[in-house]
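Trainee: I have a protein model open, and I would like to learn how to read it. Could you walk me through it, one feature at a time?

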Amino acid sequence: MNITKDIFYIGVDDKKITKFEGQFDVENGMSYNSYLIIDEKIAILDSVDANFKDEWISNVKKALNGRNPDYLVISHMEPDHSANLANLVKIYPDITVVMNQSMQKMYLQFFKELPKNVLLVKELDELNLGKHTLKFIFAPMVHWPEVMFSYDMCDKVLFSADAFGKFGSLDYDDPEGWACEARRYYFGIVGKFGAQVQNVLKKLSGYDIKIIAPLHGPVLSDDLSYYLNLYDIWSSYKSETEGVFICYASVYGNTKKACEILASKLEKEGIKVAIASLIDEDFYESVEDAFRYDRLVLASPTYNGGIFPVMENFIDALNARGYKNKKIAFIENGSWAPMARKAMQAKFNLDNVEILDEGVKILSSVSDANLAEIDVLAKALK
Ligand code: FEO
């Protein structure tokens with residue numbers, strides 16, 4: 001598949017994977033992207049996951065059509081991309097592997113010995129291939145420290161490592177478009193590193209980019225401002241959508257009932273609402289929605305004198321990713337000593353979020369008093 005006249009896609013689709021990085025459900029698979037630039041010198045960018053050695057090497061050879069590659073450029077040392085680097089070097093021992101200092105250390109850690117030819121590059125170094133020249137833009141902690149983007153000055157292609165990637169194999173035509181699974185990927189994997197993403201976005205603002213070629217998901221080429229703008233919103237912890245995300249854990253349906261009544265009241269007021277069960281639905285869909293909306297309602301039964309476990313994990317997952325700039329309210333349930341609200345609230349840093357006083361305290365099942373509390377809460381969330 002051609003990206004431009006001289007740039008070819010040589011990656012693979014993983015249809016067997018069910019959990020990416022051991023924790024993100026990927027029912028529509030995953031792609032591990034790799035690219036090849038044919039010029040006076042030939043450069044390969046990145047390898048693919050260990051399970052796809054034969055398919056990738058076959059893609060490389062087919063694209064090379066009998067020629068030898070000159071360079072293997074590394075963007076990221078996480079094994080979903082680096083696993084086959086040493087295998088390629090075994091086949092083409094004269095190839096020069098282009099990496100930075102941090103990659104060199106990781107290469108040794110993963111593969112125990114360095115390739116015969118290593119070209120160590122620094123930020124903004126250039127690698128001339130003939131017509132094409134790659135300029136290296138470091139992207140530390142997006143989301144590993146060694147990450148390095150490459151910008152092809154000829155075709156104006158940005159090879160962006162994991163940034164702008166999404167879940168889903170390339171041959172899966174996602175009916176929800178790019179943003180939904182790109183957002184889940186961003187907040188699941190990169191979310192903690194908003195400041196570092198902002199840094200690299202600032203660096204990129206000086207470049208004329210026509211195509212973004214990430215290590216996962218489709219090559220982006222239409223209106224790049226759409227993708228760049230979403231990355232700017234996500235990484236600056238702004239809310240993408242005005243509305244309320246109601247996220248609950250409910251064992252016997254009583255806590256859920258209060259959430260559904262609240263959702264329906266808010267919707268009647270014309271407020272956009274998303275609602276999800278942490279027990280029954282994808283955990284990281286809820287993480288992305290908590291960042292997406294500007295208001296959050298968390299609802300949990302009391303458990304062991306504190307928070308129901310999946311809700312506790314959820315709040316930890318938000319905090320681990322630097323959750324901030326939101327308005328939060330709580331619904332708690334307890335049949336003898338409701339404690340969930342106090343415990344949930346204690347997990348948030350009040351410098352980062354605004355906690356509403358209004359809330360709902362359910363004693364076993366939704367009462368008339370609770371309906372009145374829900375009315376008040378709905379007004380406070382407007
Ligand atoms: Fe796709 Fe961070 O590896």
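Trainee: Let me start with a single residue. Which residues does S82 touch, not counting residues up to four places away in sequence?

Mentor: Contact means heavy atoms within 4.5 Å. By that reading, S82 touches S47, H76, M77 and F111, with residues up to four places away in sequence not counted. Please keep in mind that this is a predicted model.

Trainee: Where is S82 placed, and does S82 count as buried or exposed?

Mentor: S82 sits in helix 2, which covers residues 79–82. Buried means under 20% relative accessible area. S82 counts as buried because its relative accessibility is 1%.

Trainee: Let me zoom out. How many helices and strands are in the protein?

Mentor: The protein has 12 helices and 21 strands. Its C-alpha trace spans about 75 × 35 × 35 Å along the principal axes. Of the 382 residues, 56% are buried.

Trainee: What share of the contacts joins residues at least 24 apart?

Mentor: Take the contacts between residues at least 6 apart in sequence: 69% of them join residues at least 24 apart.

Trainee: Now the inside. Which residues touch the most other members of the largest nonpolar core?

Mentor: The largest one here has 118 residues, and F20, F149, W178, L298 and F314 touch the most other members. Helix 5 (residues 179–190) gives the largest share of this core, seven residues. There is also a second, separate core of 22 residues, which includes C259, I271, V366 and A378.

Trainee: Can we follow one of those residues? What does F149 touch, not counting residues up to four places away in sequence?

Mentor: With those neighbours set aside, its contacts include F136, I137, L158, V200 and L204. Let's move on to I137, which is placed in strand 12. I137 counts as buried because its relative accessibility is 1%. Beyond four places in sequence, the contacts of I137 are E123, M148, F149, Y151, L158, V200, K203, L204 and Y207.

Trainee: V200 and L204 are among the contacts of I137. Which residues of helix 6 are buried?

Mentor: In helix 6 (residues 194–204), the buried residues are G194, V197, Q198, V200, L201 and L204. They pack against strand 12 (133–138), strand 13 (148–152), strand 14 (157–159), helix 5 and helix 7 (224–235).

Trainee: Next, charges. How many salt bridges does the structure hold?

Mentor: Side chains of opposite charge can pair when their charged atoms come close. This structure holds 19 salt bridges. One of them joins K19 and D25, with the closest N and O atoms 2.5 Å apart. K19 is partly exposed at 41% relative accessibility, and D25 is partly exposed at 35%.

Trainee: What about R184 and E285? How far apart are their closest N and O atoms?

Mentor: Those atoms are 3.9 Å apart, and the two residues form a salt bridge. R184 lies in helix 5 and E285 in helix 9 (residues 283–292), so the pair ties together parts that are 101 residues apart in sequence. R184 is buried, with a relative accessible area of 3%, whereas E285 is partly exposed at 27%.

Trainee: Which other pair links distant parts of the chain?

Mentor: Look at K347 and E312, a salt bridge whose closest N and O atoms are 3.5 Å apart. K347 is in the loop between helix 11 (340–346) and strand 21 (353–362), while E312 is in helix 10 (residues 309–320), 35 residues apart. Going back to R184 and E285, salt bridges with shared partners join them with E181 and D282 into one network.

Technical notes
Residues numbered from 1 in each chain as written. Predicted model: local features only at pLDDT ≥ 70, side-chain atom pairs only at ≥ 80, totals over all residues. Heavy atoms only, no water. Core = buried A, V, L, I, M, F, W, Y, C linked by side-chain atoms within 4.5 Å. Buried < 20%, exposed > 50% of the residue type's maximum accessible area, 1.4 Å probe, protein only. Helix = DSSP H or I, 4+ residues; strand = E, 2+ residues; numbered from the N terminus. Salt bridge = Lys/Arg side-chain N within 4 Å of Asp/Glu carboxyl O.
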